[in-house]
Structures are given as C-alpha cells and as structure tokens.
Amino acid sequence: MNPPDLDRILSRVDDLPTLPRTVLRITELVNDPKSSARDLARVITDDQVLAARLLKLVNSSFYGFPQRISTITGAIVLLGFDAIRNLLLTTSVFDLFSNRRKTSLIRQEQFWDHSLGCAVGAKVIGNYLRYGKVEELFVSGLLHDIGKIVEMIFLPQAFKEINDLVKDQNILMIAAEEKILGYSHPQIGNLLAERWNLPPKLISVISHHHQPSEAGRFVLEAAIVHLADILCRSIDIGYGGDNKMPALDKTAWDNLRIKPRAIESMLAEISKEFEDISLFITYSP
Amino acid sequence: MIRLKIDELKPGMILARSVHNQQDLQLLEKDSSLTKKRIWMLKTWGIDQVSIKGIPKNDGTTDFEAELETKENIETQLRAKFADVTDDPVMEEIMKAASRQLQKNLSDPEKENEST
C-alpha cells in the first residue's frame with residue numbers, strides 16, 4: 001500500500017507534467033517496426049521548435065559530426081530512431097524544468113546542472129565500459145532525479161521541510177524525504193515514469209539509482225547512473241539537494257569492474273564535457 | 001566588500017550580496033562563488049555590477065585572495081562531504097581524485113581569464 005501522500009499524488013496523476021504530444025507520437029513511431037525515417041521526419045517538422053532544436057543538437061560539438069547536418073531526415077538517418085527519441089525526450093524534460101518558478105532561479109539552475117552532469121557522467125562511464133547505447137545512459141542520467149521535481153511541484157510544503165531538514169542536520173536529501181514523507185524521490189519518479197510510458201530500462205534506473213543492485217536485469221545501467229551521481233557530486237557539478245555523498249553500492253561497483261585509477265581521468269572528462277554541453281544546453285528560465 | 005563591474009569579475013570570487021534581476025527575482029545567492037558560466041549568466045541578465053567580498057588594500061587595489069576558494073578550502077569541504085563514507089576505499093579514492101580535479105578547475109579558468 002502507498003503512503004497517503006503518494007496516494008494523493010496518484011489521485012492527481014492527471015495533473016502531473018505530461019510530455020508534449022509530439023514526443024509521445026515520436027515514441028509510438030519509434031516503437032513501430034513499420035515506421036520509416038520519413039514518417040518520423042514528418043512528425044518532427046510539424047513542430048518547428050522541436051525541429052530547430054534537433055538540428056542545433058545534432059550539429060553541436062557533443063556529436064562531433066564533421067559536416068553540417070541541415071535536414072531532419074539527415075539527422076534521423078545519421079543518429080537512428082532511438083537516439084532521436086532520446087534527444088527529444090531530453091529537450092522536453094528541459095522545458096519541464098524551466099517552466100517552474102517555485103524555487104529560486106539559482107536553485108533550479110543548480111538542480112538542472114546536477115541532472116545534466118549525471119547525464120554526461122553516465123555517458124563517460126558508458127564509453128569507458130564500451131556500452132553500446134550511450135545516449136540511453138545520457139537520458140537516464142538526465143531523468144534520474146525527476147521525482148524531486150514532482151515533489152517541488154506537488155508537495156511544496158513538504159519539499160521546503162525536506163530542504164530545511166537537510167540544512168539543519170546535514171543529511172542526504174533521500175534520508176530527509178524518508179523522515180518527512182515516508183517515501184522518497186525514486187518512488188515518485190517511478191510513478192511519473194510509468195505514467196509517461198517510458199522504456200522499462202529508464203523506469204528501472206529512475207527507481208533504483210540509489211540501490212542499483214536491486215534493478216534486476218538493468219543492474220548495469222542503474223549502477224552506471226549511481227556512479228555518475230557520486231562522481232558529479234564529488235566535483236561539485238550542480239547541486240543534488242544536499243552536501244553529502246551517498247554510499248557506493250558495493251555489488252554495483254563490483255559489477256562495473258572499473259579500475260579505481262580510471263576515476264581521475266573520468267572526472268576530468270566529465271568536467272570538460274559538462275562545460276562544453278552546459279554552455280550549449282543552457283538553463284534559461 | 002567592493003562593487004565590481006561585470007567585466008572585472010573572475011571565477012572563484014564570492015558574492016557579498018545576492019543578485020536580483022529587474023523583476024526582483026533572485027539570480028544568485030549571497031556567498032555563491034562565481035564560475036565562468038555564472039558570470040556569463042549574469043551578463044545575459046543585463047547585470048552591470050555586483051558586490052564581491054574582498055579586503056581593500058592601501059594602494060587602492062583589493063585583495064581577493066582571502067576570499068577566493070583555496071586549496072585548503074577544497075580539502076575541508078571534500079572531507080566534510082565524504083565524512084560518512086570514507087570507510088569505503090573506493091570512495092576514498094574518488095575523494096582524492098575529486099580533490100585533484102577541483103584544484104585543476106581552480107587554476108584553469110584563471111589562466112584563460114588572464115590571457116583575455
């Protein structure tokens with residue numbers, strides 16, 4: 001059974017932020033084996049803002065294509081369906097962040113930076129491990145703390161109490177959430193992710209980024225985002241809601257088989273890539 | 001404390017007062033340290049001047065060293081942040097690597113600033 005507050009959120013689930021219609025339509029198309037690049041291009045070009053963003057993104061240094069990509073179809077052919085879906089998901093979530101003005105701007109900016117930092121971190125770790133679909137990791141990192149946004153919007157009073165408790169007792173945000181709400185942001189994130197019909201892998205990472213060893217068949221992905229979170233916090237990229245380090249999940253770490261001496265070069269890479277991408281995808285309320 | 005023009009700001013400086021935009025929305029809190037990105041953000045918001053912590057010297061210049069983020073600062077903050085997890089050797093390793101990275105970050109943006 002869910003705690004009362006979680007039930008309250010569930011009952012208002014229709015008010016939860018929704019993804020733009022275009023993104024939902026694109027998700028459907030991507031999952032439909034019969035759809036073609038042209039079908040997808042048609043949906044994207046119907047939305048001028050989305051189309052412009054997509055071209056800006058594929059032409060950014062993040063992807064590093066040597067020549068300029070000027071058509072949506074070109075972008076789809078080069079990146080593939082899944083990558084496009086993830087890109088658009090990314091930019092839509094970005095909108096979600098920027099439309100809320102309930103906390104101070106700097107707080108929102110730092111929170112966004114934390115998510116973006118984790119996204120970059122997950123990608124860097126994925127590259128090190130030669131993980132095939134790093135852009136999925138990127139989106140997972142970006143969305144891992146989505147439950148905190150829901151708290152901020154739907155439980156503003158509790159959210160304030162949580163932040164006060166974090167400040168007073170210098171504890172992890174997740175510990176403060178447990179004390180005040182009786183549940184925490186991974187559970188809320190799970191609720192939203194299910195509602196959005198996100199892919200199972202993504203739902204699993206959002207729900208288990210604090211206990212990746214419980215993520216079943218997606219233990220690797222959850223472990224990567226778990227480590228990315230820790231690495232970003234260690235070098236002060238953004239603000240995850242507190243000034244403490246979460247404990248490293250031992251099983252998850254052993255699973256990753258990362259040599260401890262590789263950490264330093266990962267941190268350097270995260271730092272540099274974050275700088276590059278954050279100037280490009282800048283938080284602009 | 002001293003008022004500085006936006007072009008005189010350098011990463012590492014600490015705000016003496018919070019910064020607000022014309023609509024009185026808070027952009028940066030008091031005591032936030034400046035980064036390249038934050039200075040850029042202030043510029044895009046059309047901020048001309050901000051208050052910076054610092055100690056004015058006799059020759060008319062201001063000594064910011066006392067308030068800049070220093071190596072010792074980084075170490076102390078990291079130790080506090082990692083206090084509950086240092087019994088894990090991997091976390092200890094992450095903390096050491098983070099300390100080196102943060103110090104690199106501290107020196108890099110300043111170099112860039114000097115050349116401009």
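These legends walk through several close-up views of a predicted model. Local features are described only where pLDDT is at least 70, and side-chain atom pairs only at pLDDT 80 or more, while totals for chains, interfaces and linings use all residues. Residues are numbered from 1 along each chain as its sequence is written, and chains are lettered from A and ligands numbered from 1 in the order in which they are written.

**View 1. Chain A has 16 helices and zero strands.** Helices (H or I, at least four residues) and strands (E, at least two) are DSSP runs, numbered from the N terminus. Chain A has 285 residues, of which 47% count as buried. A residue is buried if 20 or more other C-beta atoms lie within 10 Å of its own, exposed if 12 or fewer, and partly exposed in between, with C-beta atoms placed from the backbone. Among the contacts in chain A with a separation of 6 or more, 64% come from residues 24 or more positions apart. Two residues are in contact if their C-beta atoms, placed from the backbone, lie within 7 Å.

**View 2. Here chain A meets chain B, with 22 residues from chain A and 23 residues from chain B in the contact.** On the side of chain A that touches chain B, the elements giving two or more residues are helix H7 (105–128), helix H14 (219–234) and helix H16 (263–280) of chain A. H16(A) gives the most, with seven residues. This side of chain A divides into 14 nonpolar, five polar and three charged residues. Ala, Val, Leu, Ile, Met, Phe, Trp, Tyr, Cys and Pro count as nonpolar, Asp, Glu, Lys and Arg as charged, and the others, Gly among them, as polar.

**View 3. A:Leu143 sits in helix H8 (residues 134–143) of chain A.** A:Leu143 counts as buried because it has 27 C-beta neighbours inside 10 Å. Look for A:Ser115 too: A:Leu143 and A:Ser115 are 28 residues apart in sequence, yet 6.9 Å apart in space, C-alpha to C-alpha.

View 4. The buried residues of H10(A) are A:Phe159, A:Ile162 and A:Val166. Just after H10(A), A:Asn170 takes a positive phi of about 50°.
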